[in-house]
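Please keep the sequence and the structure in view while reading.

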Amino acid sequence: MCGIAGILDFDRHPSAADVAPMVSILRHRGPDADGFLVDGPVAMGMRRLSIIDLARGDQPIYNEDRSVGVVFNGEIYNYLELRESLLARGHRLTTNGDTETLVHLYEDSGPAFLSRLNGMFAFALWDSKRKVLLLARDRMGVKPLYYAHVGSRWIFASELKALLTQPELPRDLEADALADYLRFSYIPGEATPYRAVRRLLPGHYLLVEPGRQTVKAWWDLAADWDEDLPESAEEMCGRLVTVFDDAVRLRMRSDVPVASFLSGGVDSSLITLTAQREVDHPLQTFTVAFEHSAFDERGYAREVADRGETEHREMSVSPADAVQQLPLLVWHLDEPIADSSIIPNYLISRFAAERVKVCLSGLGGDELFGGYSRYREREPGRIRKAFGPVPAAAGALAPLVSPWHAGWGEELRLTSDASLAWRDYLHLLEIFDTNAIERLRFPAKGRGEETIEALWKQYPGSDPVGRRQFIDQHTYLPDQILALTDRMSMANSLEVRVPFMDFRLVRIAQRIPALLKQADGDYKIALKRALGDRLPENIKSRPKWGFDTPLAAWVGGPVLFAALQSLPNGALVAEGLVSKTAVRSLVSSRERASAQARRVWSLLILEVWLRVRSRSSPPRETLTELLGSH
């Protein structure tokens, strides 16, 4: 596990000194070692967190004649099998790690070798003979990779802050991306807060050679789709057990101890209890709890820990932690992500990192197996029931009603045109909808509506739950959940492995019909049917919570509310992004702030991000000190 960075410039060859600041600012991602490759038009480097082949795994790593070199962030879980096949074909390997497989596989197959990898990764590979740079990212986007093309210079890194060390990078903000942030609480797709910078999308590679560059998908969530596989529920569940067990087994490969985050939910409990089977010593498990008792899952986690006989530890989180830590956390995020779980994610990662370097996580189970109520088709309301038989009348009334009641106007519009069904899911995802963004006087509307519509129409199946999951798997999962987990764990030099992101599990989950995902208030039916006998009955039947915080109570409480009252006089207003009047209205009272907690929190995160985004070192101020410094 590492952080990588580099520069490619065929006109002005970069030096190690050019890339050194990029590598240095990533030290938290890899405190154990660094390394550099400088060869004509390319200079790239990395910081290493040593997990596999501790003695000989430092990077960059080369092929036999050193014509191909790589810097790599992540893990290739099937590296032992790949090594065997490479040795059988006559390759000479000088390490016992996973990174070396990349250069030899590239020798054999070029970029086509990516389909053979089972892992989480982002890497940069330099082919000195062909003068080709290959950047690639894993299928589901577990590991990040940013890039920019400025003049003749390509700049890339694991984190945005590394790109910002380069003086030629324009800092102009991308207003549409920030509008999408307000809409969803994260920025979806390849856009970033900066106009000049792009994310490499999950399952994509970027190939740069003299005079040409290619961005291409090497894996597609919509490919190989077949809803008519002749497979019974029992056969599907049996295959799920086999692949799930192997996904966990592969992610236990390590030369340092592997632990597990344990919330006491179905997903983390299954992973923890399955991982415990793979080792002959008590697995270390870590749980976070909240002072607000409604969000305290310690009892459930203890029940699972007792069944697995794990070495279990707990910690708790309070509003004071948010005030103390938020500027640092937002700096590590690199871009605004308004998920309050960044606080427990960071703190539990810090807690675990005092004892281990690697933790398993149950992330992704909800997005694959139907864990959210929003995946259900919404029951028609009174307006739809009344106007359903006369859609033309609904369409005629919609523009007349919308000016004085936007919600009713939208219901009429949706009733009039079945092709607008995607908007129903859009509204479930939105924090600030279009009208709310306009009331803020924000200078852009974003592209969020187009993003959701396009994914809705790209879905190759007909399953209503699967269609909504398909959208989340392209947006919310990589761009919010996996992104914040990567940043908060790597801020503490902790590697988090995500068994549910094994591409084989993704393919199985895509073919599970809606009724085996959720029905009658029950969720993740197939997952529990296949693996539920491993769980305590109390865990199987418990309600869905999610890894969240008591945000409304925090926002309306005295500690955070005092900080929120500075927002009308902050950077958001000073930079002309929002109206002072609109912001003041949202924080006019504790009750108002609490009722609008997600919107207020989104504005707070954006405010903090604007203040810390250009810093070259981690903030030391508390939230109160930061907001009082404007």
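This is a predicted model: local features need pLDDT of at least 70, side-chain atom pairs count only at pLDDT 80 or more; totals for chains, interfaces and linings use all residues.

Strands of a sheet pair through backbone hydrogen bonds, either parallel or antiparallel. In this model, an open sheet is built from six strands in the order β2-β3-β1-β9-β8-β10, with antiparallel pairing. Strands β2 (33–39) and β10 (197–199) each have a single partner strand and stand at the edges, so one side of each is left without a neighbour in the sheet. On average, neighbouring strands of this sheet are turned by 15° against each other, direction ignored. Within the sheet, β1 (residues 2–9) pairs with β3 (residues 42–48) in the antiparallel sense over seven bridges. Ala5 has Gly45 in β3 as its bridge partner. Helix α1 (residues 16–24) lies across β1, β2, β3 and β9 (153–157), and runs at about 150° to β1.

**The helices**

In helix α14 (residues 406–416), the buried residues are Gly409, Glu410, Glu411, Leu412, Leu414 and Thr415. Their cover includes α12 (382–387), α13 (391–401) and α15 (422–429).

Helices α9 (residues 319–333) and α19 (residues 476–490) have axes that come within 9 Å and cross at roughly 115°. The crossing is right-handed. Leu329, His332 and Leu333 of α9 make the contact with Leu484, Arg487 and Met488 of α19. Of these contact residues, four are nonpolar, one is polar and one is charged.

**The salt bridges**

Side chains of opposite charge can pair when their charged atoms come close. The whole structure holds 47 salt bridges, and the table gives examples.

| Salt bridge | Closest N to O distance |
|---|---|
| Arg253 – Glu81 | 2.7 Å |
| Asp176 – Arg447 | 3.4 Å |

Arg253 is buried, at 16% relative accessible area, whereas Glu81 is partly exposed at 37%.

Asp176 belongs to helix α5 (residues 175–184) and Arg447 to the loop between α16 (434–439) and α17 (448–458); this pair therefore ties together parts that are 271 residues apart in sequence. Arg447 is partly exposed, with a relative accessible area of 41%.

Asp267 in helix α7 (residues 266–276) and Lys524 in the loop between β19 (522–523) and α21 (525–531) are 257 residues apart. Asp267 is buried at 7% relative accessibility, and Lys524 is buried at 8%.

Finally, salt bridges with shared partners join Arg29, Lys143, Glu159, Lys161, Asp334, Asp486 and Arg487 into one network.

Technical notes: Residues are numbered from 1 along each chain as its sequence is written. Side-chain values use heavy atoms; hydrogens and water are left out. Two strands pair if DSSP finds at least two bridges between them. Helices (H or I, at least four residues) and strands (E, at least two) are DSSP runs, numbered from the N terminus. Axes are lines fitted to C-alpha atoms, for helices over the stretch in contact, and angles run from 0 to 180 degrees between N-to-C directions. Contact means heavy atoms within 4.5 Å. Buried means under 20% relative accessible area, exposed over 50%, partly exposed in between (1.4 Å probe, protein chains only). A crossing is left-handed if the near helix is turned anticlockwise from the far one by less than a right angle, and right-handed if clockwise. Ala, Val, Leu, Ile, Met, Phe, Trp, Tyr, Cys and Pro count as nonpolar, Asp, Glu, Lys and Arg as charged, and the others, Gly among them, as polar. A salt bridge is a side-chain nitrogen of Lys or Arg within 4 Å of a carboxyl oxygen of Asp or Glu.
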